Amino acid sequence: MKPHLLWLALLLGGCAAEQAPRAQLTPGVNFSAYKTYNFMDVKARTEGTTPTYITGVPEIKQAITQELERRGYRQSDTPDLWVNIGVVTQNKVQTRETNIRDAPRYIGQRNYHWQSEQVVVNRYSEGTASIELVDAARNERVWEGTLTSIISPNSDKRAKRIDKATAELFASYPVPAQL
């Protein structure tokens, strides 16, 4: 089974536009009947054989905990809801196309040449994270939220972005926050 694309994308902060959070719920589920939650184990899956730590998972867990507790849920060893977090990251390259204003190249004997080409402007990591809430009794997913964005190397920015994105994602959750 493919690793779940989860909510790491919230970690993101940076230069590219982030995608709007998306949430999907199972129709007919009474979300107010759930009272407790806990997290499933998060394991990094990579192409190699050695798992790696995924940046931002603790921040994601903290943000989810905050949002669920604002809705009256409490953490328990025998939860009504399991929270499954999955994260996929991808290294990306941002390029731009040269234009005539870029200096032509001198190729000898007073011969200049210009050709449009792609030049690297930036290298960054993009993350996609999703949160799945699973009914513990039925072992069935009842809600999923997904986010994609640039991952900030600055931990403070990353944590703030995760908190903000998590709040936006849970704004569409069926149980409203109890400020």
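Author: Start with the secondary structure. This is a predicted model. Its chain holds two helices and eight strands.

Reader: In which pattern do they follow along the sequence?

Author: Read along the sequence, the pattern is β-β-α-β-β-β-β-β-β-α.

Reader: How much of the chain is buried?

Author: Buried means under 20% relative accessible area. Of the 179 residues in the chain, 37% are buried. The chain exposes about 11100 Å², and carbon and sulfur atoms supply 48% of that area.

Reader: How do I read a helix such as H1?

Author: Compare its span with the expected one. Helix H1 covers residues 57–70, which is 14 residues. From first C-alpha to last, H1 reaches 20 Å, close to the 20 Å expected at 1.5 Å a residue.

Reader: Which residues of H1 are buried?

Author: They are Val-57, Ile-60, Ala-63, Ile-64, Thr-65, Glu-67 and Leu-68. Their cover includes strand E2 (36–39), strand E4 (81–97), E7 and helix H2 (155–170).

Reader: What comes just after H1?

Author: Look at the backbone angles there. Gly-72 takes a positive phi of about 90 degrees.

Reader: Now a single residue. Is Ala-129 buried or exposed?

Author: First place it: Ala-129 lies in strand E7, residues 118–135. Ala-129 is buried, because its relative accessible area is 0%, and the cut-off is under 20%.

Reader: How far is the C-alpha of Ala-129 from that of Thr-89?

Author: The two C-alpha atoms are separated by 8.5 Å, although the residues are 40 apart along the chain. Now widen the view. Of the contacts with a separation of 6 or more, 80% join residues 24 or more positions apart.

Methods:
Residues are numbered from 1 along each chain as its sequence is written. This is a predicted model: local features need pLDDT of at least 70, side-chain atom pairs count only at pLDDT 80 or more; totals for chains, interfaces and linings use all residues. Side-chain values use heavy atoms; hydrogens and water are left out. Helices (H or I, at least four residues) and strands (E, at least two) are DSSP runs, numbered from the N terminus. Buried means under 20% relative accessible area, exposed over 50%, partly exposed in between (1.4 Å probe, protein chains only). Contact means heavy atoms within 4.5 Å. Accessible areas come from the Shrake-Rupley method with a 1.4 Å probe; for residues, only the protein chains shown count as cover. The expected span of a helix is 1.5 Å times one less than its number of residues.
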